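Please look over the structure below. A short briefing on its fold, surface and one residue follows.

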Amino acid sequence: MISILVTQFVVLWAVIDPIGSVPVYLSQTQHLSAKQRKLVALKAVAIATLVLLFFLIVGQLLLEAMQIPLPAFQVAGGLVLLIFALTMIFGESKPEQEQKMSEEMSHSDLADLAVYPLAIPSIASPGAMMAIVMLTDNSRYSILDQSITAGVMLVVLLITLGLLLGATFIQKVIGNVGAAIISRVMGLILAAVAVNNLLMGIKDFYF
């Protein structure tokens with residue numbers, strides 16, 4: 001049980017990447033007051049939580065409605081997660097990518113700022129959406145198991161909120177270079193998990 005919880009925590013930590021969101025948050029809120037920064041952090045995490053809960057609850061139902069077998073989705077999800085992991089390892093790090101996107105945008109209000117690029121795609125990334133569906137497979141996991149996965153996800157999101165609220169201090173400690181290094185290490189771990197999901201999906205599809 002403990003090993004399953006640890007595995008789920010590592011997977012969700014890798015795809016949500018709380019530390020990688022810190023430089024994005026700082027670059028987008030540097031012109032705001034302390035109160036406004038806090039409000040943006042709360043809204044961003046709340047929106048990301050709703051998006052991921054939506055995929056946790058109805059993601060598999062949508063697949064079944066479209067008559068897509070879960071092993072096929074698991075293979076596709078494994079490929080997407082693998083590509084996502086490879087971009088974390090070999091491409092620009094997540095903070096560098098999303099800061100470039102954000103520098104080209106102008107936000108009219110705090111709500112827009114919380115939604116993009118903070119909630120989506122920084123926290124509720126496509127990889128996180130794929131991962132949460134695969135971790136709550138109805139054919140493999142009971143309601144209790146899925147509730148535990150939801151709890152692990154909420155813990156990671158709460159940690160994300162805490163990191164954002166303490167972002168100024170964290171940035172002074174690790175710097176952009178530190179965040180980039182951590183992002184690449186998590187990418188390597190995520191690549192191993194993605195390959196495992198890919199192989200399991202192929203096995204389930206044929207056998």
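How far apart are the mean positions of the positive and negative charges of the protein? The mean positions of the 10 positive and 12 negative charges lie 9 Å apart. Lys and Arg count as positive, Asp and Glu as negative, while His and the chain ends are not counted; a charge is placed at NZ of Lys, CZ of Arg, CG of Asp or CD of Glu.

This is a predicted model, in which local features need pLDDT of at least 70 and side-chain atom pairs count only at pLDDT 80 or more, whereas totals for chains, interfaces and linings use all residues. Residues are numbered from 1 along each chain as its sequence is written, and side-chain values use heavy atoms, with hydrogens and water left out.

**Fold**
- The protein has nine helices and zero strands (DSSP runs numbered from the N terminus: helices are H or I of at least four residues, strands E of at least two).
- Along its principal axes, the C-alpha trace spans about 55 × 35 × 30 Å.

**Packing and surface**
- Of the 207 residues, 46% count as buried (under 20% relative accessible area, 1.4 Å probe, protein chains only).
- Among contacts (heavy atoms within 4.5 Å) between residues at least 6 apart in sequence, 86% join residues at least 24 apart.
- Carbon and sulfur atoms account for 72% of the accessible surface of about 10,300 Å² (Shrake-Rupley method, 1.4 Å probe).

**Thr49**
- Thr49 sits in helix α3, residues 34–65.
- Thr49 is buried, at a relative accessible area of 15%.
- Beyond its neighbours within four places in sequence, Thr49 contacts Leu154 and Leu157.

Conventions. Buried means under 20% relative accessible area, exposed over 50%, partly exposed in between (1.4 Å probe, protein chains only).
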